Amino acid sequence: MDKKKKTTTLSQHLYRPEPNFLGLPKEYTRFESASVVILPIPYEATTSYRSGTKFGPQAILDASRYVETYDDELDCEVYHVGIHTLPELDSNLDTVEKNINRIEQAARELIQQNKFLVSLGGEHSITLGLVRAFKRKYPKLTVVQLDAHADLRPQFEGTKFSHACVMRQIRNLGIPTVGLGIRSYSQEEAVYIKKQRNRCIYSARDLKQNPELFSEIIAALSSPIYVTIDVDVFDPAYVPGTGTPEPDGLDWETITGFLRQLTNSVDIIGFDVVELSPIGGQVTSEFLVAKLIYKFISYIFAK
């Protein structure tokens, strides 16, 4: 009798128990039983101004070990749903496009295994590959972007796959997007934004002047929702560790309040956090980001 040929999945190839997000005990980190999978993607090729996003995923994982697993706001410990951390995805191919294709392939396999995928960047260009993968399973996907920059350029510095073009590329796939906290974009992007039939950008200024806008935005969204969080959406006073910091950003209470309201209103099927560029000798940025990730996971699974 012939033995069945064993197949190797991405999860088996990349599996290792340590290090893991939050430094959890092994019984809560097994891939097979975990509801959540953390995929670190330390890709960096098109960053502007200050580099270092390739060190972001590891910095987040290191900081997460000091985040309390009990959430006093929700009165629970959500990690019991299981959170498995994969090793860093090796995506250092020779072109940005090839790297995005590889990210898409890796994400597709994880999504097909019904894992809730949380991806850690790396620069924002990685989101295109992730969204492509989610769109295959969820054709009516909507993307919500928290960011300081519109990222709607048709191309930047010779490539349409730049981190500065990622939301334009996603919209070119026919996927609706809405950006919140935006406070920096080019005149070319401004012309594009004004031509859109449906409003796709809400500035940090708009949101601060009218907090009820969040409810209006959420009410207009169609599930399922994928969320991409560029950490520069925060004011640099909260997260200085990013490549292109912009003043007059949002604060912790505003962003977590929006995420909780969003989670209570729509179906969120995955998210990424990108553009953390650690600063030597400081841990403020990576700790806040690590806590934000766990907070968002908690909002999603506590309900």
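At 18% relative accessibility, T244 counts as buried, where buried means under 20% relative accessible area, exposed over 50% and partly exposed in between, with a 1.4 Å probe and protein chains only. T244 is found in the loop between strand 7 (225–230) and helix 9 (252–265), with helices (H or I, at least four residues) and strands (E, at least two) taken as DSSP runs numbered from the N terminus. This is a predicted model, in which local features need pLDDT of at least 70 and side-chain atom pairs count only at pLDDT 80 or more, while totals for chains, interfaces and linings use all residues. Residues are numbered from 1 along each chain as its sequence is written, and side-chain values use heavy atoms, with hydrogens and water left out.

**Loop residues and their surroundings**

- Leaving aside neighbours within four places in sequence, T244 is in contact (heavy atoms within 4.5 Å) with S48, Y49, H149 and D232.
- Y49, one of these partners of T244, lies in the loop between strand 1 (36–41) and helix 2, and at 78% relative accessibility Y49 counts as exposed.
- L74, found in the loop between helix 2 (56–64) and strand 2 (83–85), counts as buried at 18% relative accessibility.
- Not counting residues up to four places away in sequence, L74 touches R260, S298, Y299 and A302, whereas L74 and V143 are 26 Å apart in space, C-alpha to C-alpha, and 69 residues apart in sequence.

**Backbone features**

- Y49 has a positive phi of about 65° although it is not a glycine.
- E157 has a positive phi of about 50°, and it is not a glycine either; E157 lies in the loop between strand 4 (142–146) and helix 5 (166–172) and is exposed, with a relative accessible area of 64%.
- The peptide bond from G121 to G122 is cis, with omega near 15°, and G122 is found in the loop between strand 3 (116–121) and helix 4.
- A cis peptide bond with omega of about 0° also joins S223 and P224, the latter placed in the loop between helix 8 (213–219) and strand 7.

- Beyond its neighbours within four places in sequence, F271 is in contact with residues including F116, L117, V118, Y226, I293 and F296.
- Helix 4 (residues 126–137) is mostly covered, with nine of its twelve residues buried, among them I126, L128, R132 and F134.

**Overall fold**

- The protein has ten helices and eight strands, and buried residues make up 57% of its 303 residues.
- The radius of gyration, taken over C-alpha atoms, is 18 Å, which agrees with the value near 19 Å that a compact globule of 303 residues would have under the rule of 2.2 Å times the number of residues to the power 0.38.
- Along the principal axes, the C-alpha atoms fill a box of roughly 65 × 45 × 40 Å.
- Of the contacts in the protein with a separation of 6 or more, 77% are accounted for by residues 24 or more positions apart.
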